[in-house]
Amino acid sequence: MQFRKIVVGLDFTDPSLGAARWVANFAPDAEILLAHVVREPRVPSYVRSQIPSTFESKASGASAVRGGLRALANLIGSDRVRFDVVAGDPPSALAQFANQERADLLC
C-alpha cells in the first residue's frame with residue numbers, strides 16, 4: 001500500500017517528535033499533516049455561551065504551538081508538510097481531522 005497522506009498527532013514529547021521523523025522517512029513521497037490538539041473540557045450546555053472556548057482563550061499558546069509546528073515542518077521538508085491546531089478530545093479530534101483530510105494513515 002502506498003501512503004499519500006499521513007496525519008501525525010503531536011504533543012511535542014520525544015515520542016511524538018520521533019513519530020513525525022519516522023513517518024517522514026517511512027513515506028518519503030507522502031504529504032504529512034502535523035496536528036496538535038488543544039484539549040477542550042466538557043462544558044454543560046447551559047453555560048457554553050457564557051464561557052469562552054479554551055481554544056480561543058489559549059490563542060497566544062496556539063501561536064507558539066504553530067511556531068513549533070512550522071519549525072518541525074521545515075526540518076521535515078516544508079514542501080510536503082502542512083500543519084494545524086485543532087480543539088477537542090485528542091483521540092477524537094485527531095481521528096476526525098484524519099477523516100476530514102482523507103488521510104491514509106493516522107500516527
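Modeller: Helices (H or I, at least four residues) and strands (E, at least two) are DSSP runs, numbered from the N terminus. This is a predicted model, in which local features need pLDDT of at least 70 and side-chain atom pairs count only at pLDDT 80 or more, while totals for chains, interfaces and linings use all residues. Residues are numbered from 1 along each chain as its sequence is written, and side-chain values use heavy atoms, with hydrogens and water left out.

Colleague: In what order do the elements of the protein chain run from the N terminus on?

Modeller: The protein chain has 4 helices and 4 strands. Read from the N terminus on, these elements follow the order β-α-β-α-α-β-α-β.

Colleague: Is Ser 16 buried or exposed?

Modeller: Ser 16 belongs to helix α1, which covers residues 14-26. Residues count as buried under 20% relative accessible area, as exposed over 50% and as partly exposed in between, with a 1.4 Å probe and protein chains only. The relative accessible area of Ser 16 is 8%, so Ser 16 is buried.

Colleague: Within what arc do the buried residues of α4 fall, seen down its axis?

Modeller: In helix α4 (residues 90-100), the buried residues are Pro 90, Ala 93, Leu 94, Phe 97 and Ala 98. They line one face of the helix, because, with the arc taken from the directions from the helix axis to the C-beta atoms, they fall within 130°.

Colleague: What covers the buried residues of α4, and which residues are exposed on the other side?

Modeller: The cover over the buried residues of α4 includes β1 (5-9), β2, β3 (81-87) and β4 (105-106). The exposed residues on the other side of α4 are Pro 91, Gln 96, Asn 99 and Gln 100.

Colleague: Which residues do ring pairs link into a cluster?

Modeller: Rings of Phe, Tyr and Trp (its six-membered ring) pair if their centres lie within 6.5 Å, and planes under 30 degrees apart count as stacked, over 60 as edge-to-face and the rest as tilted. The structure holds 2 aromatic pairs, and in the pair of Phe 3 and Phe 26 the ring centres are 5.5 Å apart with planes at 45°, so this pair is tilted. That pair links distant parts of the chain, with Phe 3 in the segment before β1 and Phe 26 in helix α1, while Trp 22 and Phe 26 form a stacked pair, 4.5 Å centre to centre with 15° between the planes. The residues linked into a cluster by ring pairs are Phe 3, Trp 22 and Phe 26.

Methods: Contact means heavy atoms within 4.5 Å.
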